[in-house]
Protein chains: 2
Amino acid sequence: MPSATVENYVKKILVLSLETSEGQVGMGEIAKGLDVAAGTATSMIKTLEREKLVRYKSRQGVTLTAKGRKLGMDMLRRHRLVETFLVETLGLDWTEVHQEAEELEHAISDKVLDRLDEFLGRPEFDPHGDPIPTKDGKFAERRIRNLLECQSKQPCTIKLLTDQSTDFLNFARRKGLVPGTAVEVTNRDLISDAVELGVGKGKPFTLGSKAAKKILVSS
Amino acid sequence: MPSATVENYVKKILVLSLETSEGQVGMGEIAKGLDVAAGTATSMIKTLEREKLVRYKSRQGVTLTAKGRKLGMDMLRRHRLVETFLVETLGLDWTEVHQEAEELEHAISDKVLDRLDEFLGRPEFDPHGDPIPTKDGKFAERRIRNLLECQSKQPCTIKLLTDQSTDFLNFARRKGLVPGTAVEVTNRDLISDAVELGVGKGKPFTLGSKAAKKILVSS
DNA sequence: GACGAGACTTTGACTAATCAAAACCAAATC
DNA sequence: GATTTGGTTTTGATTAGTCAAAGTCTCGTC
């Protein structure tokens, strides 16, 4: 059994590697992402290599092996199913479940997880709009763009906020920008670096490009 | 925050001290109960003493302080609520939830626990029939006797099996001796060291006194 | 009162995970 | 080619929890 620490490293490497195209992750990113000293990450990565969870070229980067990707996907599945449960069933706020899930994902057995999945009706997306990997480690492809890439005048649905800081989530909620909401880009002006957005019946308002990029939608 | 290990020691001491009248627990019992070497228990108990969770007289025994009892009760509450959830909501078998709960009880936050409690309808007893402590660390008194102490011909209800080994629980289930079931002692013979028991409409059968003592009922 | 058995404590060693700080390398700059 | 800079690796120490084995009590028996 991998320790909770090992699980966290692998999950972090998976998430970071999904964000880049090459799938190679730098030591610095890992240390930063897990909030540990650089040297701690280096030595832990060597342990993961011994366990055949990652491949590691000194001073170049880390990539997951098939075994590592499997474990990482499993952790992502655990995390997202737990989040879904906390929001759907226990009625917690979707802005605050991340930390809770961070603990529970390591404590829940495969059997209980499976029952939970069934109880929740085998959901495909978690409350943040992220896809939940299936048991064999695949997730449904999203056809998703960020608001900046969106056609004007086309109705679409918010699927995911990529910045999960509490501040940003609170801002988003105040504006009604929660996953599932229908929105429409009413105006795009790339020169002034802004997007005008209509949410439901409300009066349109303007978002800067930084924020617009963080909001993913499907049409 | 106490570590999972500390929580386990305190919970075990609480459970052991509830079984004796004096509330004093020997070092050997603790080591045995947690399946660690004797020396490990000794050194851990010293740590607990530093944390003011227990009082400890060398070579005499360990008692919980108020702080320790509070923590222990909290862990018992966590454990039993989680078990209730696993059986009631996810439909797991009550003979197998103990191990699952053993892990989850350390990972669940107070907030989530409270929501879970609410979701379950603030249950007073877990699937084994054990009372669930309230948030302020008290539990409903049980007026409960074991089958050996039971009056003949008096209908009563099974509340709790004190032996939670899988073997015993399986035996009990085969015989229909699960918490909630109505039973009746049809005959008591203290000389032959046996109790004859009727379960529902079925033909009465005989239990040895050892087994009878492990089955608690309320009338 | 001495003895022995069994419970308890002490000692020394080990593992996983961590940090701080020193040492090191590689790539851009001069 | 020499130098600086910033990320990376190494080194040495620390903490929590553990075990095995050696040492120490305590109590019942003679």
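Ala, Val, Leu, Ile, Met, Phe, Trp, Tyr, Cys and Pro count as nonpolar; Asp, Glu, Lys and Arg count as charged; the others, Gly among them, count as polar.

The model is predicted: local features need pLDDT of at least 70 and side-chain atom pairs pLDDT 80 or more, while totals for chains, interfaces and linings use all residues. Residues are numbered from 1 along each chain as its sequence is written, chains are lettered from A and ligands numbered from 1 in the order written, and side-chain values use heavy atoms, without hydrogens or water.

**Stop 1: DNA strand D**

Select A:Lys46, A:Tyr56, A:Arg59, B:Ser3 and B:Thr40. Of the 18 residues around DNA strand D, these come nearest.

- A:Tyr56: a polar side-chain atom at 2.5 Å.
- A:Thr42: a polar side-chain atom at 3.3 Å.
- B:Ala37: a backbone N or O atom at 2.8 Å.

Color by element next. α3(A) gives the most, with four residues. Helices here are DSSP runs (H or I, at least four residues), as strands are (E, at least two), numbered from the N terminus.

**Stop 2: DNA strand C**

Move to DNA strand C. It is surrounded by 19 residues, the closest being A:Ser3, A:Ala37, A:Thr40, B:Lys46 and B:Tyr56. Sugar or phosphate accounts for 78% of the DNA strand C atoms within 4 Å of the protein, and bases for the rest.

Show the side-chain N or O atoms. One in B:Tyr56 is 2.3 Å from a phosphate oxygen of DNA strand C. For B:Ser58, such a distance is 3.2 Å. For A:Tyr9, it is 3.3 Å.

Which helix gives the most to the surface near DNA strand C? α3(B), with four residues. By class, this surface divides into seven nonpolar, eight polar and four charged residues.

**Stop 3: α1(A) and α3(A)**

Select this pair. The axes (lines fitted to C-alpha atoms, for helices over the stretch in contact; angles run from 0 to 180 degrees between N-to-C directions) come within 11 Å and cross at roughly 100°. The helices are therefore roughly perpendicular.

Display A:Thr5, A:Val6, A:Tyr9, A:Val10 and A:Ile13 of α1(A). They meet A:Thr40, A:Ala41, A:Met44, A:Ile45 and A:Leu48 of α3(A). Contact means heavy atoms within 4.5 Å. The contact of α1(A) with α3(A) has eight nonpolar, two polar and no charged residues.

**Stop 4: α1(B) and α2(B)**

Finish in chain B. α1(B) and α2(B) (residues 27-34) pack at about 120°, with axes 10 Å apart. They are therefore oblique to each other.

Select B:Asn8, B:Tyr9, B:Lys12, B:Ile13 and B:Leu16 of α1(B), then B:Glu29, B:Ile30, B:Gly33 and B:Leu34 of α2(B); these make the contact. By class, it has five nonpolar, two polar and two charged residues.

Methods: Near = heavy atom within 4 Å. Polar contact = N/O pair within 3.5 Å; in protein donor to acceptor, adjacent residues only side chain to side chain. Parallel < 35°, antiparallel > 145°, perpendicular 65-115°, else oblique.
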